[in-house]
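Have a look at the picture and then read on.

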Amino acid sequence: MEKSHNRFDEFPKEQVRSAIQMGIAQAEEQMKNKVNTPYRNRKNNKKRKVIYALGSVAAAFGLLIGSSYYSPVLASNLAQIPLIGSVFGDSDLIGLQQAQKKGLTTEVGETQTINGISVTLDEILYDQTNITIGLIIESEKELGEHYFGAGMDFTIDGELPDGSSGGYKEESQSATTKTAIQTITVTDDMPNAFELGLILHGENGENWYFSTPIKKITDMKKVPIHHSQNVDGIHLTVTELAVSDTGVSVSFESSEEKTDFEQSRAGDIEFRMVDQNGNEITSHYGGVEGKKVKDHLVYKSNKQFDPIDSTVTELTITPYIETPTGKGGEEYDQNGKSKEIELKGVSSQKVEFESFKVNIPK
């Protein structure tokens, strides 16, 4: 399979340079006026790379979306490269495989080459849980494991988000070729359709810019739940379950009377899910957004699972605490400067939530 971007005879270098400088200046001013409380998912023992996010100043490219990737303005070098196949179709995630097979993804195929590194924005899926982005990376020379850090910054209709969460994972296909999948956790304030701006930062100061319209898939069933329980000082409310061809998701809110995110357990809630026959549905975790509300920490999240088939009539869901290990990840301050978060001691006291059942409508 081969995808390419349209080629242009002339490239307006001075126009691009001027536009980017103006965008960065505007974004710096925007960041000064934002007050954000960052919360980061921690890396668990499966060594997930997680995006925590207040977005860096470099995400200023989003302000240029009006003239971006359907014109040559933000293209650095356009290249036509052979692809190994669909990133989603070749992944080991059943939901992404089905989405690609059933045509639910937005195929992009835009490629930029900078310093001998070609990055292709392959395709995007916007469902009830995540915006999932597939990348293909080809380089003239071998790249280090963390060359692209924790993945891409993003904008929504040219605006920096107040905060976000998600994940980024790369797979090596050869010494000089990688595929990558990035997820951005969907929040209530995200519109059903918008212009998604993306920037990928390289270790040597390279910036790959992309912009594309996306739209949330509509073929899904939503089941209101509103199940609440209080266990060991943690208040949990499961608000909704959504079912589509791309998977099952559980939406919840949780809170705890604490002021230190790294000491809090309410942001480490995961779920086990089995059908009426006892078959477990594979979980794929999901990012968490957290904020301080007076003397409480309040979290919201969607947790994603593999798709279920038409024979499933009932699901039993059991919440539990996933105790994190390793370093706490990376965070950004209001000036776009990053720092690592060390994992502090979290209570090892076992928290036992009650299971609950959800009937799946036909």
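Why is strand β10 (residues 193-201) largely enclosed by the rest of the structure? Because 7 of its 9 residues are buried, where buried means under 20% relative accessible area, exposed means over 50% and partly exposed is in between (1.4 Å probe, protein chains only).

Some ground rules before going further. This is a predicted model, in which local features need pLDDT of at least 70 and side-chain atom pairs count only at pLDDT 80 or more, while totals for chains, interfaces and linings use all residues. Residues are numbered from 1 along each chain as its sequence is written, and side-chain values use heavy atoms, with hydrogens and water left out.

**The overall picture**

The chain has 2 helices and 21 strands; these are DSSP runs numbered from the N terminus, with helices being H or I over at least four residues and strands being E over at least two. Buried residues account for 55% of the 362 residues in the chain. If you take contacts (heavy atoms within 4.5 Å) between residues at least 6 apart in sequence, 68% of them join residues at least 24 apart.

**Around β10**

Two strands count as paired if DSSP finds at least two bridges between them. On that basis β10 pairs with strand β7 (residues 153-156) in the antiparallel sense, over 4 bridges, and D153 has I199 of β10 as its bridge partner. β10 also pairs with strand β11 (residues 207-215), again in the antiparallel sense, over 9 bridges. Here E195 stands opposite P213 in β11. The hairpin of β10 and β11 has 5 residues between the strands, and G205 in this hairpin takes a positive phi near 90 degrees.

Two other residues have a positive phi although they are not glycines: H226, at about 55 degrees, and D232, at about 50 degrees. Most residues other than glycine have a negative phi. H226 sits in strand β12 (residues 220-231) and counts as exposed, at 59% relative accessibility. D232 belongs to the loop between β12 and β13 (234-244) and is partly exposed, at 35%.

**Rings that meet**

The structure holds 5 aromatic pairs. Rings of Phe, Tyr and Trp (its six-membered ring) pair if their centres lie within 6.5 Å; planes under 30 degrees apart count as stacked, over 60 as edge-to-face and the rest as tilted. Two of the pairs are set out here.

| Pair | Centre to centre | Angle between planes | Class |
|---|---|---|---|
| F148 and W208 | 5.6 Å | 65 degrees | edge-to-face |
| F252 and F271 | 5.3 Å | 65 degrees | edge-to-face |

F148 lies in the loop between β6 (130-139) and β7, while W208 lies in strand β11, so their pair ties together parts that are 60 residues apart in sequence.

In which order do the 3 strands of the open sheet come? They run β15-β18-β21, with antiparallel pairing. β15 and β21 (356-359) stand at the edges with a single partner strand each, so one side of each is left without a neighbour in the sheet. On average, neighbouring strands of this sheet are turned by 30 degrees against each other, direction ignored; the axes behind such angles are lines fitted to C-alpha atoms, for helices over the stretch in contact, and angles run from 0 to 180 degrees between N-to-C directions.

β15 and strand β18 (residues 314-321) run antiparallel, joined by 7 bridges.

**A look at Q276**

Q276 is placed in the loop between β15 (269-275) and β16 (288-293). With a relative accessible area of 31%, Q276 is partly exposed. Leaving aside residues up to four places away in sequence, Q276 touches T311, V312, T313 and E314. A polar atom of the Q276 side chain lies 3.2 Å from the backbone nitrogen of T313. Q276 and K357 are 81 residues apart in sequence, yet 9.5 Å apart in space, C-alpha to C-alpha.

Notes: A polar contact is a pair of N or O atoms within 3.5 Å; within protein, one must be able to donate a hydrogen and the other to accept it, and residues adjacent in sequence count only if both atoms are side-chain atoms.
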